[in-house]
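Hi everyone, thanks for making the time. Have a look at the model on the screen, and I'll talk you through a few things in it.

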Amino acid sequence: MKSNYICRFEENINAAENLEPLYSYLCSNAENLDASYLLRSEFVLIVSALDTYMHMLIEDRIVDSFFDENLDSTALEISLSKVKSVMLIADENDKHGMLRNIVRERLKQDSFQSPKSIEYAFGLIGIKKIWSSIKDGMSMCSDDIINTLGLIVNRRNMIAHESDRNRVTGELQQMDLVTVTECKKFIVKLVNQLETLIN
């Protein structure tokens, strides 16, 4: 059975893909418009789907580890006063809900997109050496996984923070459907392999 976070990831990827037919239509019927901005939007949404997946996964595992002695305890720092406020709640469902809100608020400060931040996130739930663990499933060496993801996140940041323009020339970077498709294939494969680390 699929986890809630993998289902949400797939929903987000499918939603991002909805931009492609509009891109194709505009390329065929409105040549004076630069439809590549739709591809940039899709690119950013693909990386966002990874970030959302990571947040949901780590949040779930941290909350579960708090109540299940068979799971590794988290390395996430939470103030003692907040932990005490959780422990004082009698109803178990309310207790879970309160802790989930605390963890979610704490994790909201971080983004889990880059190789380093994803390593950190898995470290919070006691899972180490993730890149060497998934390299066979990715059919890539660990360094290539890290470098590919790093390039994708750098491009996402350029789109989101610099309007995808070269800092020196001010020229818009080229974006095409092949670039978006390759990004999507990699991120989908990556998430499917990260999922194997927790099952």
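Let's start with Tyr 120, which at 38% relative accessibility counts as partly exposed; that label sits between buried, under 20% relative accessible area, and exposed, over 50%, with a 1.4 Å probe and protein chains only. Its ring partner is Phe 112: the centres are 6.5 Å apart and the planes stand at 40°, so this pair is tilted. Phe 112 itself counts as buried, because its relative accessibility is 1%.

Before I go on, a word on where this comes from. This is a predicted model, so local features need pLDDT of at least 70, side-chain atom pairs count only at pLDDT 80 or more, and totals for chains, interfaces and linings use all residues. Residues are numbered from 1 along each chain as its sequence is written, and side-chain values use heavy atoms, with hydrogens and water left out.

Back to the rings. How many aromatic pairs does the structure hold? There are three, where rings of Phe, Tyr and Trp (its six-membered ring) pair if their centres lie within 6.5 Å, and planes under 30 degrees apart are stacked, over 60 edge-to-face, and the rest tilted. One of them joins Phe 9 and Tyr 53, edge-to-face, at 6.2 Å centre to centre and 65° between the planes. That pair links distant parts of the chain, since Phe 9 sits in helix α1 (residues 4-17) and Tyr 53 in helix α3 (residues 36-67), 44 residues apart. Both Phe 9 and Tyr 53 are buried. Ring pairs also bring in Tyr 5, giving a cluster of Tyr 5, Phe 9 and Tyr 53.

Now let's zoom out. The chain has nine helices and zero strands; these are DSSP runs, H or I of at least four residues for helices and E of at least two for strands, numbered from the N terminus. The C-alpha trace spans about 65 × 40 × 35 Å along its principal axes. Of the 199 residues, 39% are buried. Among contacts (heavy atoms within 4.5 Å) with a separation of 6 or more, 70% are between residues 24 or more positions apart.

For Cys 27, the nearest cysteine sulfur belongs to Cys 183, 18 Å away. Cys 27 is partly exposed at 36% relative accessibility, and Cys 7 is partly exposed at 28%.

How values were computed: Disulfide = S-S within 2.5 Å.
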